[in-house]
Amino acid sequence: MKTYDIVIVGGGPAGLAAAVSARKNGTESILVLERDRELGGILNQCIHNGFGLHTFKEELTGPEYAGRFIGQVKELQIAYKLNTMVMDISRDKIVTAMNSTDGLFEIQAGAVILAMGCRERSRGALNIPGYRPAGIFSAGTAQRLVNMEGYLPGRKVVILGSGDIGLIMARRMTLEGAQVQVVAELMPYSGGLKRNIVQCLDDYGIPLKLSHTVVEIRGKERVEGITLAQVDDRGKPIPGTEEDYECDTLLLSVGLIPENELSSGMGVELSRVTSGPVVNECLETNIEGVFACGNVLHVHDLVDYVSEEAAAAGKNAARYVQEKRVISKERPEGIVAEQRKSGTGDENIAAQGTGSVSRGHIVDVQAADGVRYTVPARINVERMEDILTVRFRVGGVYKNCFISVYLDDKRILHRKRPVMAPGEMEEVKLRKEELRQYPELKAVTVKLEEV
């Protein structure tokens, strides 16, 4: 069995940025496992621009952005395997994978970084009645067909869901000569970025119908048409509001779900809101030495934020491996295990995540009053960086509200935002120096407050 200090599952933007960061922070033995035929992940099919404004201070296409990191991976001589499917990861960080060259093989990892990305919700999750004809695609599948495979899925198109991929594909299909008749959205607000609504729908005269959904799909061999209906505040179709559209293609852009079969299989604690792992300030899961970043953790709106988060995961994984190496030299594993068993070990050794090899005061980060979740969900105050970014999404459209942060009952941040929507991530900064002033602190709460 081969051994690597860090094994990264996924060679997309998160995996690449984590690998580069881990190498730059002193870890030589790194392996990236990617199931596709090339590195870059979803960016390879995102040929539109708008990437890299934060990371590289210039506007790039998806393949150009990926190319920057792929170049760094090759320049730093980081090992990677393509066309390789990871089948299982044990709690002892034994990675089982397979490909056509090596067959089924196992790797012992010192640390694992989960960077598998996310997948699209399928029609099966929507409960739309009717037959299952050809012509129904997820927006991401249609994007790959058009941008990478050279196929046009259809000529008359209806798009259900206003996520960013759906909005971008409305423009892309129009540019390729298809007629996009309407984009329908179940919620009373769009799930995509405001700039994509303007650039992809408004600029091309494509209508966006909020609080609408597909209630019927017609056609047996191929989609022949669909029926839209308005929905009430509970999401139920309102009788008498039906509209018929003739079309040969229905694209679904109805949400993204983190790819967490491997995570749940190894016992990683998952969030009920994001379906991604629950992590601490180091982006480490409840399993010591297993980190998560990118869309497998929570769905991001900008790839620049994915790279920033993944760089932190890579840095923390490198630090974890180095600390474990020092501890194993100073205190052999058998002695540590015996001390823990007998209760004679260091009383301040924390049981959660990287805290298992360090002291620290662990604080919960809670979401309340309009905030759906936070990443991270807990913080070891002693291990956190001087400034820690906490990212979150809101549960609806809010206007002229304040983002507030409380340390137990004391408010330390009260920042006004003119508009907040679920399609755009928000963030707050926590300062280590400020948290240290509250040695009995139990929780940091992020919430929305009205004027």
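Predicted model: local features only at pLDDT ≥ 70, side-chain atom pairs only at ≥ 80, totals over all residues.
1. Helices here are DSSP runs of H or I at least four residues long, numbered from the N terminus.

2. Now for charges. The whole structure holds 24 salt bridges. One of them joins Arg 35 to Glu 259, with the closest N and O atoms 3.5 Å apart. Arg 35 is in the loop between β2 and β3, while Glu 259 is in the loop between β18 and α6, so this pair ties together parts that are 224 residues apart in sequence. Glu 259 is buried, at 14% relative accessible area. There's also a salt-bridge network, which links Arg 35, Arg 119, Glu 259 and Glu 261.

3. Have a look at Arg 68 and Glu 58 too, a salt bridge with its closest N and O atoms 3.0 Å apart. Arg 68 belongs to helix α2 (residues 62-75), and Glu 58 to the loop between β3 and β4, ten residues apart. Arg 68 is partly exposed at 33% relative accessibility, and Glu 58 is partly exposed at 35%.

4. Where does Val 381 sit? You'll find Val 381 in the loop between β22 (378-380) and β23 (387-394). Leaving out residues up to four places away in sequence, Val 381 touches His 361, Val 363, Lys 432, Leu 435 and Arg 436. Ile 362 is 19 residues from Val 381 in sequence, yet their C-alpha atoms are 6.3 Å apart.

5. How many disulfides are there? A search of the whole structure turns up zero. Take Cys 282: the nearest cysteine sulfur belongs to Cys 293 and is 13 Å away. A disulfide needs the two sulfurs within 2.5 Å. Cys 282 is buried at 2% relative accessibility, and Cys 401 is buried at 8%.

6. Last, the surface. Met 85, Met 87, Met 98 and Leu 104 make a nonpolar patch of about 390 Å². Met 98 is in strand β7 (residues 94-99) and is partly exposed, at 36% relative accessible area.

Terms used: Residues numbered from 1 in each chain as written. Heavy atoms only, no water. Patch = residues over 30% accessible without salt bridge, like charges linked within 9 Å, V, L, I, M, F, W, Y side chains within 5 Å. Areas by Shrake-Rupley, 256 points an atom, 1.4 Å probe, with all protein chains shown as cover. Salt bridge = Lys/Arg side-chain N within 4 Å of Asp/Glu carboxyl O. Helix = DSSP H or I, 4+ residues; strand = E, 2+ residues; numbered from the N terminus. Buried < 20%, exposed > 50% of the residue type's maximum accessible area, 1.4 Å probe, protein only. Contact = heavy atoms within 4.5 Å.
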